[in-house]
Amino acid sequence: MALSTETRWLIDNLSTALLLFDRDLKLCAINTAGESLLSLGARQIMGQTVDELLKNSAITSAAQRALFTGQLLTERDIELHATGQAPINADCIVTPLAEVQYVLGVMLEIINTDAQRWIRREETLIAQQNISRALIQGIAHEIKNPLGGIRGAAQLLERALSKASHREYTTLIINEVDRLRTLLDRMGEPNGLPQRRMINIHEVLEHIRGLVEAEAPIGIMIRRDYDPSLPEVLADRDHLIQALLNIVRNAVQAVGDSGQILLRTRSQRQLTVGLRRHKLVARMDVIDNGPGIPPELKDNIFYPLVTGRAEGTGLGLSIAQSLIHKQGGLIGFCSEPGETIFTVWLPIESGI
């Protein structure tokens, strides 16, 4: 089942995965979105049957019925087990390809519902970031003004006091006011736009690893699993260091005096980040084997002042999300007892 140049160009520019099978249900064509969905190149899988490639009896049965009846069929919310890949949740439309009265094969249109859920979750994360920004700015404005008045009054009182023992109290007031102002400044977004340039993310991660290893308990092991083929990314180095450092320090606090943290890099293709689809994205994972994030915090973890630690401020992840979001990226996470993964996505190629 040969495709014309025009047809090949057309299906390769679709965002939906298309797989064409002949009458023997052997793969004879796949578009670029299909290769991306399965994380497999066409040369690796050409000629494989539906069952060998997708490992799903419902899809195999639907393809066989479409060949026999010539009718379009739809399978929803199925789990595909592509060769060597993690399961994919998807909807699948099976269309018979007919010429006059003869069915030549079938076309599978696979819609990745995991990706759709990810886009909805991303929209939620961005909405959280916008709410956080407005909340922080409002809190900072309302608190800084009276703090300035308290500090000024304490300074005037200090000058009027003759006893040094009494001046200790005004000094305490001034110091506490300054501490609160510093906290409010930390809650606010960093000033200015990112100073973006081409950087090596592995150099950034190694810098962070060195910083954290110097301050972490001796029982914590920090491992690396880097993809050496990753190209440089356009990013603000200082902002990226601060964001990742906040995440890695959280991981250290999560594992306690002993545990493992893994720094991992990978590339991902055709991924939506910041509600824009990118051909190539750098993925940085910080993985720890701590107890996981409490279920009651998962939906609000990126809001300021949300923390599971009594001594925490709940600012680290909010600030990190803001820093990465300014650079066109995003932070997400998944967590269960024994494994928490925080992921930073940064575009390598511009959105489409």
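Q: How many disulfides does a search of the whole structure find?
A: This is a predicted model, in which local features need pLDDT of at least 70 and side-chain atom pairs count only at pLDDT 80 or more, while totals for chains, interfaces and linings use all residues. Residues are numbered from 1 along each chain as its sequence is written, and side-chain values use heavy atoms, with hydrogens and water left out. A disulfide here is a pair of cysteine sulfur atoms within 2.5 Å. By that rule, the number of disulfides found in the whole structure is zero.

Q: Is C92 buried or exposed?
A: Buried means under 20% relative accessible area, exposed over 50%, and partly exposed in between (1.4 Å probe, protein chains only). Another cysteine, C28, has a relative accessible area of 23%, so C28 is partly exposed. For C92 the value is 1%, so C92 is buried.

Q: Which element of the chain has the highest mean pLDDT?
A: Let's look at confidence: pLDDT is the predictor's confidence in each residue, from 0 to 100. The chain averages 80, and 81% of its residues score at least 70. Helices (H or I, at least four residues) and strands (E, at least two) are DSSP runs, numbered from the N terminus. Helix α6 (residues 113–160) has the lowest mean, 72, whereas the highest, 93, belongs to strand β7 (residues 219–225).

Q: What is the order of the strands in the open sheet of five strands?
A: Two strands pair if DSSP finds at least two bridges between them. For example, β1 (residues 17–22) and β2 run antiparallel and are joined by three bridges, while β3 and β4 (residues 88–99) pair in the antiparallel sense over six bridges. The sheet with its antiparallel pairing has the order β2-β1-β5-β4-β3.

Q: Which strands stand at the edges of this sheet?
A: An edge strand here has a single partner strand, so one of its sides is left without a neighbour in the sheet.

Q: Which residue stands opposite L20 in β2?
A: The hairpin of β1 and β2 has four residues between the strands, and L25 takes a positive phi near 60° there. Across the pairing, the residue in β2 that stands opposite L20 is A29.

Q: At about what angle does helix α5 run to β3?
A: Axes are lines fitted to C-alpha atoms, for helices over the stretch in contact, and angles run from 0 to 180 degrees between N-to-C directions. Contact means heavy atoms within 4.5 Å. Helix α5 (residues 57–69) lies across β3, β4 and β5 (102–112), and its angle to β3 is about 160°.

Q: Leaving aside neighbours within four places in sequence, which residues is G47 in contact with?
A: G47 sits in the loop between α3 (42–45) and α4 (50–54). Its relative accessible area is 33%, so G47 is partly exposed. The C-alpha atom of G47 is separated by 9.0 Å from that of A29, 18 residues apart along the chain. With those sequence neighbours set aside, the contacts of G47 are K26 and L27.

Q: How far apart are the ring centres of F333 and F342?
A: Rings of Phe, Tyr and Trp (its six-membered ring) pair if their centres lie within 6.5 Å; planes under 30 degrees apart count as stacked, over 60 as edge-to-face and the rest as tilted. The count comes to one aromatic pair. The planes of F333 and F342 are at 25°, so this pair is stacked, and the centres are apart by 5.4 Å.
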